[in-house]
Amino acid sequence: MDALPVARLQFATTTSFHFLFVLLTLGLITMVAVMQTRAAVGGKPELLRMTRYWGRLYVINYALGIVTGIVMEFQFGLTWTGLSTFAGDVFGAPLAIETLVAFFLESTFLGLWIFGFGRLGKWLHLTLIWLVTLTAYASALFVMLANSFLQNPVGSRLEGGTLRLDDFGALFSNPALVASLPHVVSAALVTGGFFVVGISAYHFLKRTAEVEFFRRSMRIGVVTALIGSILVVNQGFAQFGELKMYQPDKLGGSAVGLPLGVMITLGFAMLLCALLGTLLLVRNWLTKARFLHYLMVAAIPLPFVAAIMGWLVRELGRQPWLVWGKLRTADAVADVPAGQILFSFIAFSLLFAALAVADWVLLARVAKRGPEPVDEPAELPVLSGV
């Protein structure tokens, strides 16, 4: 048995799972922060209830997504030791910063925010959710910094058979990062927007009594989905020009043809759905158009599928290189028996499948239950009742 395809399949599976958690986390936290800002400025209890409800869903997804990220990074030392040896000095730096600074800070601020309801002043509490949001985006920045280095290894030199970091600032100006980061961020906004719109539409289909609550939620979700859809399509096509600079043959490869076509098709489909939702928003038909409600519930998975297709385009198009032009994928896999890699692949896949099911069950349970009653004490932790 050849260890290389098993190792690639294992990393593709774990990374894809983790990416789905990250997208929803980034999209949801942005809208929760906006909701709480409006609640703090306007003082409307409905907006505070929205903050708590969608905040619960965010925290569930965040908590389960942490495990997938930890498992993913273990593989650099277990399965891809060639990458760690050859480019660890450069590739590892942004990942270390992401873990030590962005991730730990985000978790700390999030804990204070969760248990600060009713205990902290509203402005301090609002500051915490924005700090959570900023550190979440900082985490995404450093992860994409590392991935973009694999696409275009700037700021480094080859010395003694390994890459050494010459210019840390060059990693931030990497064309592979400048082109891809806005695309990933906008994909997260689309994912969060469609998630909020889909759940709101579900409650309208069930004839919810919380009409005003989910009308407001759907408005925020539709606007977020529209902004994200426009940006994701625009930034997606903008990358084509950048790719010619550092990977001129990437888009011509047969390996990326199918996922690229699916991603583009879904991108325009999501833009069409967001435009339709915006039209109904302008005409104030959001709560009446049941065909839209069915459509939006069915559209919840679309951003996730499009994101996986985009990731496949980005990673498959780089093959046979792991570090473009510097290190081949076949030379980076660890000297580990293929049977051991296969065993870990099966174990990780079962673990991730269990986490995905748990995430879906918990999200569905909280989403279907709806917001807490109006008279529920404000000091209850966000995770209460999950």
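Ala, Val, Leu, Ile, Met, Phe, Trp, Tyr, Cys and Pro count as nonpolar here, Asp, Glu, Lys and Arg as charged, and the others, Gly among them, as polar. By that scheme the lining of the largest cavity comprises 7 nonpolar residues, with no polar and no charged ones. The model is predicted.

**Largest cavity**
- The whole structure was searched, and 1 cavity of 30 Å³ or more was found.
- The volume of the largest cavity is about 30 Å³.
- F194, V197, V222, A225, C273, A274 and M296 line the largest cavity.
- Two or more of the lining residues come from each of α6, α7 (211–246) and α8 (257–282).

**Second largest pocket**
- The second largest pocket holds about 520 Å³ of space.
- This pocket is lined by 20 residues, of which F195, I300, F304, W360 and L363 are the closest to its centre.
- Helices α1 (3–42), α6 (175–205) and α12 (338–369) are the elements that each supply two or more residues to the lining of the second largest pocket.
- With 7 residues, α12 contributes the most to the lining of the second largest pocket.
- The lining of the second largest pocket splits by class into 16 nonpolar, 2 polar and 2 charged residues.

**Strand pair**
- Strands β1 (residues 156–159) and β2 (residues 162–165) are paired antiparallel, over 4 bridges.
- Across the pair, L158 is opposite L163 in β2.
- Together β1 and β2 make a hairpin with 2 residues between them, and G160 in the turn has a positive phi of about 60°.

Note on methods:
Residues are numbered from 1 along each chain as its sequence is written. This is a predicted model: local features need pLDDT of at least 70, side-chain atom pairs count only at pLDDT 80 or more; totals for chains, interfaces and linings use all residues. Side-chain values use heavy atoms; hydrogens and water are left out. On a 1 Å grid over the protein atoms alone, a cavity is a set of points where a 1.4 Å probe fits but cannot get out, and a pocket is an open set with protein on both sides within 12 Å along at least five of seven lines; lining residues have an atom within 4 Å of a point. Grid points are joined across faces, edges and corners, and a volume is the space filled by probe spheres set on the points. Two strands pair if DSSP finds at least two bridges between them.
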